[in-house]
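Hi,

Here is the structure I promised to pass on to you. Have a look at it first, and then read on for my notes.

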There are 2 protein chains.
Amino acid sequence: MNYKFQIIGGAKEIGGNMFLAMGPHENIVIDAGIQFPHDDAFGVNYLIPNFKLLPKITRLIITHGHEDHIGAVAHLKRLFPEIIIYAPRFAKCLAQKKLERASLVATINEYTDGDQIDLPDFFIEPVRVNHSIPDTFGLVLLPKNTDTALFYVSDFKYDEQSNFDPPIDLKKLSNYAKTKTQRILLADSTNILSRTTKTESETSLCESFESIFSENFPRIILTTFSSNIERIKNIADCARKQNRKAYVYGGSMFKYVNCAVESGLLQADDIKFLESKDQLGEPCVVIVSGCQGDFKGTFRRIAAGYDALFKPRVDDCFILSSRSIPGNEKKISMTLNKIAEYGCTIITSQERHVHVSGHAGKEDLKKVYHAFNPTQLIPIHGEHYFLNKHQLFSFDELPSSKAKVQVNFDSFEIKNEELIFSKHVPTDDERPILIHGNDIEIERDAIKQKRKIAENGIVLVNFRSEIVSTKNYALPISIQTLGLPAHLNSYHQHLVKNVINVLKSTHKASNDEIQAEVNSAVKTAINGILGYKPVVVTHIL
Amino acid sequence: MNYKFQIIGGAKEIGGNMFLAMGPHENIVIDAGIQFPHDDAFGVNYLIPNFKLLPKITRLIITHGHEDHIGAVAHLKRLFPEIIIYAPRFAKCLAQKKLERASLVATINEYTDGDQIDLPDFFIEPVRVNHSIPDTFGLVLLPKNTDTALFYVSDFKYDEQSNFDPPIDLKKLSNYAKTKTQRILLADSTNILSRTTKTESETSLCESFESIFSENFPRIILTTFSSNIERIKNIADCARKQNRKAYVYGGSMFKYVNCAVESGLLQADDIKFLESKDQLGEPCVVIVSGCQGDFKGTFRRIAAGYDALFKPRVDDCFILSSRSIPGNEKKISMTLNKIAEYGCTIITSQERHVHVSGHAGKEDLKKVYHAFNPTQLIPIHGEHYFLNKHQLFSFDELPSSKAKVQVNFDSFEIKNEELIFSKHVPTDDERPILIHGNDIEIERDAIKQKRKIAENGIVLVNFRSEIVSTKNYALPISIQTLGLPAHLNSYHQHLVKNVINVLKSTHKASNDEIQAEVNSAVKTAINGILGYKPVVVTHIL
């Protein structure tokens, strides 16, 4: 029996997680996540793994409800309409909403602790793990008729103190260590660079929350990740103990908390939904989304003074119960500066213990290492240099295991109980697909074009073909600039003269060729004035 | 005697430092810095404080050679050709080069420790401080005929172990505390949020450098800030002790190290300039600039494999002796991932002690607080929320002092030994000026236009006026898209039809009005297809 595995996304970037498992009868994927763009200036909403390169997929197993694991579910469903989907209850609710928004219908099969998903090629045994979203699972794949267990655990931490979810069942993992001779571990590399080796418990935050909530602020506005239901519950509990009302506020919070209630993770009276100003009693804690300073997030809207219910007041306290996701630092700073203008108090995780990670520190990794005792480690969920560091770490901590860095589209096979790795030569085709607007793909060339204009502006040159045919250079030549300095206006005549010179001297016959000559002359002329070349588009009508 | 002071830049952002001091006879400024743009997609090179709003300036006193203090010197000189400039020797060399590049000639007066600059309105006494560039000074301004000392110390740390520069002369500062009844302190807020309260010494890095240099790497490529001459010297010394050759490499490194040699801060044989491959001996340390992952930096060029002398090898070690300046995280990650692809070793300050800050931690601030014992504190060099935090900190640490948050263009006056603060209502005019290309200003509206195109693309519609006048709708209508998805191509006929419909139904007479109607119709049509509205520009010729 041959089995082949391929990481499609998430192994050389953070985000866009997808893992392909191919058996004799079918191909299945674990997770279908999106990646957020590096640069948000170019209107790209998100990136999805390049599904077009996938073989026919019959099943999708979702590990948890974060966007980097479920965000592309509608795209995958569209490409493989027959796909059968499996998810834990909370992720199911979130994925279902996503499919509905895309006008797609799918039944999602629910799985939980203790279940065994019996597929034609694999038994899949879910192992509950702690993470920053409830109802998260690692998956043990048992390829049928092999002596192999593959444990895919892309996002996890080990939280013994959580009063929400039990920690990973290490005993279960060590059973595989006893019963299977080949054990492949694909595990989280997110925090491999972190100096904090043991990821702290969600519960550890309660002390600071209670302490801050006991202070004299009439209103506390706290922003965190909407999917972190455990934290939201803890905050509400801490607020209650300090006689503060607790609310969630904003579309994203409502969506996640609603799913949590539907999934039985929260009780309806655990936390109130703030829907009108009259509802709001003080002292209070209002939990909002937008902790990354997103332009459309509730947090930024409040900070900027645009929110209908909240205008910042000098006696407000704002808590950022979050960390900056790399790339968002400036947006977050700008939001904090807005709040600072009102003189409000600001508390971030730099100063107080108001945030913990959802990912494994080195000590958390060791727990899984030692229980599962892999014969082969493959670091996942990390940028390329994270994966390398994870490999190095395992050399020290798991000397008996092999470790291999595999990046997207690399693959490995189980052949007669042997593991054979194939290095894949990356091509441009495999790069993730960029999605803009109504879930529509936008090509990299279009982004490149926009980047050129964004850098150096665009100049539109328009004239009638008669000017060429009749050599009447008195006919109007329109030169319009967009995104260029006003300084250039005084050179308008100079630019027109440049165009006329081209038309006078050109020996080209076709409009296309003349247009190209004009473009080039105008570019050069402007470069002489400004020191850079804009995009020039000439139309001869 | 009346004196008025105004912060022009650097108090609500990091960068663009400038402080205006107005006396009875003249107006002087301290520093003329630039700020780096938030978003580098729009071709803005840098921002300068809005000089246009300044009264006539006769003198510029430079505290040190960092770009956020000298970067705008040519712009200021152009506006005030008679300006007299003062600077410490190293900053003088750097500012001189900057003026030369802008084809400007100026004599810069050098000052150093123990000097007193005697101006018509002020005595200025420079106080040497430690910072991440040598030859940095705080300035004590003594307005004549007052009992006031104003200490402006925007960038500093307290480094007792430096073998390059002595720490701030606290005794000198405490003399002012004894002799002046009014003491105003404007001090660094950069690190006010940091958990590291005592900024560590540059010298403290030597242990890790030596330890890494003793390892088995044939080549170590280390990137740091080119202006940190003390670190470069220490690295070269550590390399020598470990029998490694040390080189600087790249344009920026050459410039700064050259100035350091010219200024007597380094000896010519302290470090070699790597100018050809033959020169390179192994084992070595090569110090390069580009630690922020800048696209044009030496570090990224090497990482990407484009450098003429260096191609990364698996046995190379790359050290980032730096921190990420907020906003650069992604660029740095991308560079590290490039290196990871080659399998090289990467060492960052997250894992090893290879970087220290150049700015005051809370303990450093306390040293100056207690020596100078200000009657009034004004936090500077920080974003708005940093300034607020610095104020709060001083309430605890300097209970006898007043503290006031002043942002750009706020002002204060000394009137009969009393301090009178004026809050300024910010206007759009004061915002820093954006510079692009050949030192030319680009207007915010132009950036806004480019941002719109960058987000949603641009569509060019062109047709002849005859189509309107003759109602011959068979005449060609050209619709060209730039930066839009290929998906839109299949709607070309649909868009043309939309244009024709507008032309058939319009009652407008002028081309401008018809163009506006066409723009709007095409926008709406595309929004229906893609879910977003591009910029549309229609030309009727």
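How many residue pairs are in polar contact across the interface of chain B and chain A? The rule finds 44 of them, with both residues of each pair at pLDDT 80 or more. Please keep in mind as you read that this is a predicted model.

On confidence, the predictor gives the complex an ipTM of 0.93 and a pTM of 0.94. For chain A the mean pLDDT is 96, and 100% of the residues in that chain reach 70 or more.

**How the two chains are arranged**

Two copies of a chain are related by a rotation about an axis and a shift along it. Here, chain B is superposed on chain A by a rotation of 180 degrees, with 0.0 Å of shift along the axis and an RMSD of 0.1 Å. That is the relation of a two-fold axis.

**Where they meet**

In terms of contacts, 70 residues of chain B touch 70 residues of chain A. Of the interface residues of chain B, 100% are also interface residues in chain A, so the copies meet through the same surface.

The size of an interface is often given as the accessible area lost when the parts come together. Chain B and chain A bury about 6000 Å² between them, and 55% of that is on carbon and sulfur atoms. Within chain B, the residues that lose the most area to chain A are Lys330(B), Tyr385(B) and Leu541(B), which together make up 11% of what that side buries.

Side chains of opposite charge can pair when their charged atoms come close. Across the interface of chain B and chain A the rule finds four salt bridges. Glu466(A) forms a salt bridge with Arg464(B), where the closest N and O atoms are 2.8 Å apart.

Which elements of chain B give two or more residues to the side that touches chain A? The helices are α9 (329-341), α11 (384-397), α12 (444-456) and α15 (511-530), and the strands are β26 (440-442), β27 (458-463), β28 (478-482) and β29 (535-540). The largest share of that side, eight residues, comes from α9(B). By class, the side of chain B that touches chain A has 27 nonpolar, 27 polar and 16 charged residues.

**Away from the interface counts**

Over all chains, the structure holds 56 salt bridges. In chain A, Asp165(A) forms a salt bridge with Arg128(A), with the closest N and O atoms 3.4 Å apart. Asp165(A) lies in the loop between β12 (148-153) and α4 (170-179) of chain A, and Arg128(A) in strand β10 (residues 122-129), so the pair ties together parts that are 37 residues apart in sequence.

There are some backbone details to look at as well. The peptide bond from Glu282(A) to Pro283(A) is cis, with omega near -5 degrees, and Pro283(A) is found in the loop between β16 (272-273) and β17 (284-288) of chain A. In chain B, a cis peptide bond joins Glu282(B) and Pro283(B), with omega about -5 degrees. Asp31(A), a residue other than glycine, has a positive phi, near 65 degrees; you will find Asp31(A) in the loop between β4 (27-30) and β5 (46-48) of chain A.

Enjoy exploring!

Best wishes

Terms used. Residues are numbered from 1 along each chain as its sequence is written. Chains are lettered from A and ligands numbered from 1 in the order in which they are written. Side-chain values use heavy atoms; hydrogens and water are left out. Copies are superposed by least squares on the C-alpha atoms of residues with pLDDT of at least 70 in both. Contact means heavy atoms within 4.5 Å. pLDDT is the predictor's confidence in each residue, from 0 to 100. Buried area is the accessible area (1.4 Å probe) that two parts lose on being put together, summed over both. A salt bridge is a side-chain nitrogen of Lys or Arg within 4 Å of a carboxyl oxygen of Asp or Glu. A polar contact is a pair of N or O atoms within 3.5 Å; within protein, one must be able to donate a hydrogen and the other to accept it, and residues adjacent in sequence count only if both atoms are side-chain atoms. Helices (H or I, at least four residues) and strands (E, at least two) are DSSP runs, numbered from the N terminus. Ala, Val, Leu, Ile, Met, Phe, Trp, Tyr, Cys and Pro count as nonpolar, Asp, Glu, Lys and Arg as charged, and the others, Gly among them, as polar.
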